[in-house]
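Colleague: I am new to this structure and would like to learn how to read it. Could you walk me through it?

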Amino acid sequence: MDIVIFHNPACGTSRNVVQIARDAGYDPTVIEYLDAGWTRPQLLALFAAAGLTPRDALRMSKSPAAEMGLLEDGISDDTLLDAMVAHPILVNRPIVACAGGVRLCRPSGKVLDLLPNWPPAPYAKENGDMLIDADGVRLPE
């Protein structure tokens, strides 16, 4: 199965998603979107497939969104999209696209909803928090 992960390597959640996919036996295409950037059509397609609005996908913390006035009421989707294209850090991550769908995978365990195969149990995230118990049951995050 082809998996594309729009990834920020500085983000623990994003690193967990990439590792979960790899440990489940997949070889995802990892796009470091801070370097690659976004196009407006790309964002529109990803957001539509994931059922997100630009506001839903806006990274509000650890981004320039507040300083740019993007958290104010009444900011249009067009304004948000223009800002996201100009400043890729404004898009929350990781976004995963595969045959199972498209999803903003926060928390990282949401990627399991897209994968037919999971990593072997038990499974812990990089911080040691268990994601899948010894019986193969997904744990709440």
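Modeller: Gladly! Let's begin with an idea: a nonpolar core is a set of buried Ala, Val, Leu, Ile, Met, Phe, Trp, Tyr and Cys residues joined through side-chain atoms within 4.5 Å. Keep in mind that this is a predicted model.

Colleague: Which residues touch the most other members of the largest nonpolar core?

Modeller: That core has 20 residues, and Trp38, Leu46, Phe47, Met84 and Ile95 touch the most other members. At least two residues each come from α3 (40–50), α5 (77–86), β3 (95–98) and β4 (101–104). The biggest share, four residues, is from α5. Another core, of 18 residues, lies apart from it and includes Tyr26, Val96, Cys98 and Cys105.

Colleague: Which way do the residues of β3 point?

Modeller: Ile95 and Ala97 point one way, Val96 and Cys98 the other, and all are buried.

Colleague: And which strands does β3 pair with?

Modeller: β3 runs antiparallel to β1 (residues 3–7), joined by four bridges; here Ile5 has Val96 as its bridge partner. β3 also pairs with β4, again antiparallel and over four bridges, with Gly101 as the partner of Cys98. Two residues sit between β3 and β4 in their hairpin.

Colleague: Now Thr13: why does Thr13 count as buried?

Modeller: Buried means under 20% relative accessible area. Thr13 counts as buried because its relative accessibility is 19%. Thr13 belongs to helix α1 (residues 12–23). Setting aside neighbours within four places in sequence, Thr13 is in contact with Pro94, Cys105, Arg106, Pro107 and Ser108.

Technical notes. Residues numbered from 1 in each chain as written. Predicted model: local features only at pLDDT ≥ 70, side-chain atom pairs only at ≥ 80, totals over all residues. Heavy atoms only, no water. Buried < 20%, exposed > 50% of the residue type's maximum accessible area, 1.4 Å probe, protein only. Contact = heavy atoms within 4.5 Å. Pairing = 2+ DSSP bridges.
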